[in-house]
Amino acid sequence: MTETYDVILIGGGPAGYQAAIRAGQLGLKVACVDDNLSFGGTCLRVGCIPSKALLESSERLVLAREHLAEHGVEVASVALNLEKMMAQKVKVVSGLAQGIEYLFRKNKVVGVKGRARFVGPDRIVVAATEGERELTAKHLVIATGSEIINLPGVTVDEARIVSSSGALSLERVPGRLVIIGAGIIGLELGSVWRRLGAEVTILEYLDRITPGVDAEVAKTHQKILEKDGFKFRLGVKVVGARHAGEGVAVQFQPRDGGAEETIEADILLSAVGRRPFTEGLGLDAAGVQLDERGRIAVDERFRTNVPGVYAIGDVIRGARLGHKASEEGVVLMEQLAGIGASVDYETIPSIIYTAPEVAWVGRTEEELKAHSVAYRAGKFPFNANARARAQTATDGFAKVLADAKTDRVLGVHVIGPNAGTIIHEAVAFMAFGGAAEDMARVTHAHPTLSEVLKEAALAVEGRPLGI
């Protein structure tokens, strides 16, 4: 017997589950299908949330070991209990998963657990443990997210050669951790295990870390990480990896050609990126088209080429960010309910949760120069901020980029303590078309870390006040 809904979300990650909850709030009959034991997607189960839990725990270990004494707090001994740290991570994840289940019940969302595939343009079959269920809806939304990219010559076994998922559940601290990729995932997971005692070496194909991040910020970030013990080999290409004794031998060579080298690791983490997950969805049966990069092709209202079929999140174009995906899901549901809504892609922030954090929104200096946009830049360091001094966390700076003629804020970049929280003030200013002068004239409480934004905005006009 076919079950009928107004909306079916295929995928229970940030795009799918938040869209389902919003659909329920709007009075739509909605089902959310996911083939995992719990809703929340990669983000909750083996991505954003568990990594942040481990980053938080490992940062507290470093604080106790290395920095409390600066504040007159003397601790006789500090020891790592990795089992308890992992248990805390699991507790965070399970608690949030239960919260999603509660919100589904509260908003009358039908959660369906099983693997979905299209059998036509308006219906799917879900393969579950109790058998197959056929579902149909006026609106079917693909929100299946992304999967790990496998690097040729590097076979992930989640034992010695791991993906980001495996790196979140290691049973012991590796003596030598080699990471392929100096992007966000590599730096965050590298930070966790470096703090816990691993020797971390990162191999990166490009000549810099964190592609897409403002170049000045990235350069500063690399210097801070190197000071904390990271080792980087940039401009190199990994050509293979094999088990060697109790560890892994990783072969690499200069990107543009040259002699091959080998580095030994106890654990090798492959963190070279992600790609849209569409395998097994039966897109051919529905007639859904992909673009040249394997993403589901959609228009500005998330419509595919098939009427009634939509796609959101990592499976379509744009940054692979949980908050971008969830915003798309909420906006789509409101559009289907007749509410005018859209996503402002120019004001979606990004964050790297290392220590210090890196956060940005809008354009980088490199992008503005590439498009011949005349701009002014203002920068202010955390070491001239009173609250940062009190916290003994003075690495980094804030930078504001404003249009040279209109003074409208075009981009904001922060590297420093609590950058991921500070950036949202800039997001709000940019969302309302604010100018650097507006940011400079808004009263900021003293002493706070957020004053670095006010000072950076003042620096656009060459008049920072400091401290």
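The briefing below takes the conventions first, then the cysteines, then the strand.

This is a predicted model, in which local features need pLDDT of at least 70 and side-chain atom pairs count only at pLDDT 80 or more, while totals for chains, interfaces and linings use all residues. Residues are numbered from 1 along each chain as its sequence is written, and side-chain values use heavy atoms, with hydrogens and water left out.

**Cysteines**

- With a disulfide taken as a pair of cysteine sulfur atoms within 2.5 Å, the count is zero.
- The cysteine sulfur closest to that of Cys 43 belongs to Cys 48 and lies 3.2 Å away, which is too far for a bond.
- Cys 43 has a relative accessibility of 19% and counts as buried, whereas Cys 48, at 32%, is partly exposed (buried means under 20% relative accessible area, exposed over 50%, and partly exposed in between, with a 1.4 Å probe and protein chains only).

**Strand β22 and its partners**

- Strand β22 covers residues 409-416, and eight of its eight residues are buried; strands are DSSP runs of E with at least two residues, numbered from the N terminus.
- Strand β19 (residues 357-362) pairs with β22 in the antiparallel sense over six bridges, where pairing requires that DSSP finds at least two bridges between two strands, and Glu 357 stands opposite Gly 416 of β22.
- Strand β21 (residues 397-403) also runs antiparallel to β22, joined by six bridges, with Val 412 in β22 as the bridge partner of Val 400.
- β21 and β22 form a hairpin with five residues between them, and Asp 407 in the turn has a positive phi of about 70 degrees.

Key. Helix = DSSP H or I, 4+ residues; strand = E, 2+ residues; numbered from the N terminus.
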